[in-house]
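Subject: A structure for you to explore

Hello,

Here is the structure I promised to pass on to you. Please open it beside this email and follow along as you read.

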Amino acid sequence: MPRKLPPVITGTLYLSAAGIVTRFLGFFYRVWLGNLIGAEDLGLYQLVFPVFAVCMAVCGGPFQTAVSKFTAEYQEHDPVKAKCTLQVSLMMSVALSLLCAAFVLLFHRQIASYFLLNHRCSPLLPCIALALPLSAVHNCITGWYYGQKKTAVPAWANLTEQGIRILFVWLLVKSELEFTVIQVVQALLAGELTSALFTVCWCRLDYRKMKFRFPAVSRKMRKISFHEISSMTWPLTANRLIMNLLQSVESVMIPSRLILYGIPERTALSMYGTLTGMSLSFILFPTALTGSFSLMLLPDIAKASAEHRDTYVRKASRLSLSTAFFIGCVFTSVFFLFGEAIGNLFYPGTLAGIYIRSLSWLCPFLYLNSILTSILHGMGMTALTFRTQLAGLVLRLGVTVFLIPLLGMNCYFTALLASQILMCGLNLFFLYRRDSRET
C-alpha cells in the first residue's frame, strides 16, 4: 500500500493549491479593477481595510487561533468539549463583531474624516461593517477545521469567496450600470456572505454525520470553555489590536505624508493604490506556499516541542528556513530582472513595474519571517515574536511620519527592507538563543 502523507504535508498542499488559485484569481481581479476604477479609486478601496483589520483583531483572528488550539487538544479524547469550544467561540466572536459593526455604522463619517483622513471613504465603511459578523463566523469555523487538520473546507471557502467577488463585479459590468469603488466593496461583502454560508452549511453537514447537537453541551462545560477561550483570546486581542492600530496608522499616513512631500492628493492616492493594490500583490504571491506551510508547521513544531523531540524540531526548522530562503532568492531574481516588464504588462501606464523591482529585495526576508514566526509560536515564544513585529513596525512608522514628507516614497521602500531585516535578525537570534539553552 502507498504510504500516507503526514497531515502537515497534505494540509500544506491543500492550502497551497487553493492559495495559488485564489491569488491567480486575485491578480486578474486587481488588474481588472485597476482598469475599471483606476489607481486612485483602488487606493481609496485599500484605505478602508485598516478599519476592517482593527475590528477583526477584536472579533476574528484571536478566536480562530483559540478554536484551532483547543480543538486540536480535545478532539481525540473529548470531542464534545472540542465542539463546545466552537459553539462558545462563535457566540463570543459574533457578539463582539456586532458591537464593532454597530460602532462603524454609527460613526462612519467620523472614522473616515479623523482616522482614515479622507472623507471619501465614508460611503464605503457601512459595507465593511456588515462584513464583520460574516467574517467572524467564517474565522471560527475554519479554526475548527484547522484544529482537526482538515484544510479542504477552509481552502474551498477562500476560493469560493474570491470567485464570488469576481462574479459579482462581472455581473455588474455586464449589466452596464455605473461601476464605482462602492460596488467593489459590495463585491467584498458578497464574498464574505458566500464564504460564511459555505462554512456554516459544511459544518452542519459534519455535525449531522457525527450526530452531535449543540443543546447536548451543558452549562458547566460552556462556562469552562468561556474561561479557557477568554484567557487565551484577550492577550492575543491586545497584541493584535496594538499591531493593527499601528499598521492602520502607517497605512493611512502614507497618502497624507506624500501630500506633505508636495504630491497632489489624487496622485498620492494613486501611488498608494499602486503600492498596496498592485505591486505588493506580486511580492506576496509566493506566500500562498510559505504561508500555508507556516500554518501547518505551527502545530507540528508545538507537538514535537512539547514531547521534547529537540532533534526533530531542529531539523524541521533548518529545512523549512532553507527552503523559504531559497524561494525568496528565486523570486527576488525574477522580480528584479523582470519586475518592470511584469508591471507594464499587467498595469500599463502606472508605476507598478518600478515598485515591483524596488520591492524585490523583500522576498527572502519576508518569506523567512513567516516561517520563523510559526516556529517560535510553536515553541510558545509568542511574546518575543510580538516584540519583533512591534520593532519592525515602529521603524516603518517612524520613516512614514518623519521621512516621507522630506524624501518621498523611495525612503519607504528602504524602510520596508530595513524592518524585514531587523525582524528576521531578531527572530533568528531568539531561535538560536533557545536552541543554545536546550543543548
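Let's begin with the contacts across the whole chain. If we take contacts between residues at least 6 apart in sequence, 83% of them join residues at least 24 apart. Please keep in mind that this is a predicted model.

Next, the overall make-up. The protein chain has 17 helices and zero strands. It counts 439 residues, and 53% of them are buried.

Now for the inside. The largest nonpolar core holds 114 residues, and Leu86, Leu125, Leu258 and Met409 are the ones that touch the most other members. Which helix gives the most to this core? That is helix H6, residues 125–147, with 12 residues.

Is Glu161 buried or exposed? You can find Glu161 in helix H7, which runs over residues 152–174. Its relative accessibility is 9%, and buried means under 20%, so Glu161 counts as buried. If you set aside its neighbours within four places in sequence, Glu161 is in contact with Gly191, Glu192 and Ser195.

A few words on cysteines. The structure holds zero disulfides. Cys121 has a relative accessible area of 0%, so Cys121 is buried. Cys201 is another case: its relative accessibility is 46%, which lies between the 20% and 50% limits, and therefore Cys201 counts as partly exposed.

Two packed helices are described by the angle between their axes and the distance between the axes. Helix H14 (residues 363–378) packs against helix H15 (residues 382–402) at an angle of about 150°, and their axes are 8 Å apart. Angles over 145 degrees count as roughly antiparallel, so H14 is roughly antiparallel to H15. Where they meet, H14 brings Thr373, Leu376 and His377, while H15 brings Thr382, Thr385 and Gln389. What kinds of residues make up this contact of H14 with H15? One is nonpolar, five are polar and none is charged.

Best wishes

How values were computed. Residues numbered from 1 in each chain as written. Predicted model: local features only at pLDDT ≥ 70, side-chain atom pairs only at ≥ 80, totals over all residues. Heavy atoms only, no water. Helix = DSSP H or I, 4+ residues; strand = E, 2+ residues; numbered from the N terminus. Buried < 20%, exposed > 50% of the residue type's maximum accessible area, 1.4 Å probe, protein only. Contact = heavy atoms within 4.5 Å. Disulfide = S-S within 2.5 Å. Axes fitted to C-alpha atoms, helices over the stretch in contact; angles between N-to-C directions. Parallel < 35°, antiparallel > 145°, perpendicular 65-115°, else oblique. Nonpolar A, V, L, I, M, F, W, Y, C, P; charged D, E, K, R; others polar. Core = buried A, V, L, I, M, F, W, Y, C linked by side-chain atoms within 4.5 Å.
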